[in-house]
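Open the model in your viewer and keep the sequence panel beside it. This tour tells you what to select next and what is there.

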Amino acid sequence: MGRTETALRKIFSHIAQIAVVLVGITFITFSIMYISPKNPAEIWLAGIDGNVGMISEEAIREQEKIMGLDKPFIVQYGNWINSAIHGDLGTSYTTRRAVTTELIERMAPTAKMTFISLAITAAVSIPLGILCAVYKDRLLDNVLRIFSFFGISMPSFVLSILFLWFFCIKLKWFTVIAADGMRGLVLPIAVLVIQCASKMVRQVRAIVLEQLEQPYVEGAIARGVGYKRILFSHVLKNSAAPILTCISIYVGVFLGGSAIIEGIFSVNGIGSLAVSAVSRMDYNLIQGFVLWCALVYLIVNLAVDILSAIIDPRIKYERR
């Protein structure tokens, strides 16, 4: 019972930390929006086209009162955070639609792209990283490291443009503007996998190598334990938690990196929505996107912390 209580206490502690981090992130984002030279009231009156002509100062001031922008900064932030807690992220300044509705409608392509890319990256990187560690400095390790250098050094936007030219224009296998469904996500997923698998292979290699160089491996070999048994029963088991943590980090990478890639491939996801929101200075949409990314990333990290404690018995929920 005591162990259960400490585990629950640790989980509640993590949830409290998530709340603090979310408040910090949203406060910083809200502050940046607040000091921006663009006036949200003027953006609202101009609409999505922004070609309504000259807007009078009286109209702008009246719209500021309607939107609550005439109140002090801390009051504006307090009102926003109170609404966000109740699921209301405000209204888009340009489309005049609820931010929550905009995010939900564009969530599916980004979620599919993120988690499919993550699954493929893990499925490719973990075995290759283990092989590189086991066959350190041999032909396989050297070849994979060379390819990983190319993958890491190639910017995602350059790789995306090359894929567009080769597969869409040269071979005509795909359309330049992404088709609906999974077919339109093939090239963006391929770019994300190449970029992240190149890094993860090297990280998994380093994690497994660190375990292979531990004294317990030498001791097991000296006692005549088979190398395969050492690898699968001890080394990989001890490497599981760090590898899981490494995978969780890439959730944030995929969510953030998808913004540029979605824009290049014309994927109608949250990333492209965020890019258009930045170009239109639609502050509520930007704030909603940042909050969504932060929340997903923090929840995934909480799940990883719990799973790591289950996988590795050395990680315990100790009583403080």
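**The whole chain**

Residues 24 or more positions apart account for 75% of the chain's contacts with a separation of 6 or more, where contact means heavy atoms within 4.5 Å. This is a predicted model: local features need pLDDT of at least 70, side-chain atom pairs count only at pLDDT 80 or more, and totals for chains, interfaces and linings use all residues. Residues are numbered from 1 along each chain as its sequence is written, and side-chain values use heavy atoms, with hydrogens and water left out.

Color by secondary structure. The chain has 12 helices and 0 strands. Helices (H or I, at least four residues) and strands (E, at least two) are DSSP runs, numbered from the N terminus. Read from the N terminus, the elements run α-α-α-α-α-α-α-α-α-α-α-α.

Now show C-alpha atoms alone. They fill a box of roughly 85 × 65 × 30 Å, taken along the principal axes. Of the 320 residues in the chain, 41% are buried. Buried means under 20% relative accessible area, exposed over 50%, and partly exposed in between (1.4 Å probe, protein chains only).

**Stop 1: helix 5**

Select residues 99-134, which form helix 5, and find Ser125 there. Is Ser125 buried or exposed? Ser125 counts as buried because its relative accessibility is 0%. Its side chain reaches the backbone oxygen of Thr121 at 2.7 Å. A polar contact is a pair of N or O atoms within 3.5 Å; within protein, one must be able to donate a hydrogen and the other to accept it, and residues adjacent in sequence count only if both atoms are side-chain atoms. Set aside neighbours within four places in sequence, and Ser125 is in contact with Ala197, Met200, Val201 and Val204.

Next, pick Leu128, also in helix 5. Leu128 is partly exposed, at a relative accessible area of 26%. Not counting residues up to four places away in sequence, Leu128 touches Leu144 and Val201. Leu128 and Leu144 are 16 residues apart in sequence, and their C-alpha atoms are 8.0 Å apart in space.

**Stop 2**

Two packed helices are described by the angle between their axes and the distance between the axes. Axes are lines fitted to C-alpha atoms, for helices over the stretch in contact, and angles run from 0 to 180 degrees between N-to-C directions. Angles under 35 degrees count as roughly parallel, over 145 as roughly antiparallel, 65 to 115 as roughly perpendicular and the rest as oblique.

Helix 5 passes helix 12 in a right-handed crossing. A crossing is left-handed if the near helix is turned anticlockwise from the far one by less than a right angle, and right-handed if clockwise. Show side chains for Val99, Glu102, Leu103, Met107 and Thr110 in helix 5; they meet Asn284, Leu285, Gly288, Phe289 and Trp292 in helix 12. By class, this contact has 6 nonpolar, 3 polar and 1 charged residues. Ala, Val, Leu, Ile, Met, Phe, Trp, Tyr, Cys and Pro count as nonpolar, Asp, Glu, Lys and Arg as charged, and the others, Gly among them, as polar.

**Stop 3: two partners of helix 8**

Select helix 6 (residues 139-153) and helix 8 (residues 186-212): their axes come within 8 Å and cross at roughly 135°. That makes helix 6 oblique to helix 8. Their crossing is left-handed. Residues making the contact include Asp141, Arg145 and Phe149 of helix 6, and Lys199, Arg202 and Arg205 of helix 8. The class count for helix 6 with helix 8 is 4 nonpolar, 4 polar and 5 charged.

The crossing of helix 7 and helix 8 is right-handed. Ser156, Leu159, Ser160, Phe163, Phe167 and Cys168 in helix 7 meet Leu187, Ala190, Val191, Ile194 and Gln195 in helix 8. These residues divide into 8 nonpolar, 3 polar and no charged.

**Stop 4: helix 10**

Finish at Ser248 in helix 10 (residues 227-265). Ser248 counts as buried, at 2% relative accessibility. Beyond residues up to four places away in sequence, Ser248 touches Tyr297, Val300, Asn301 and Val304.
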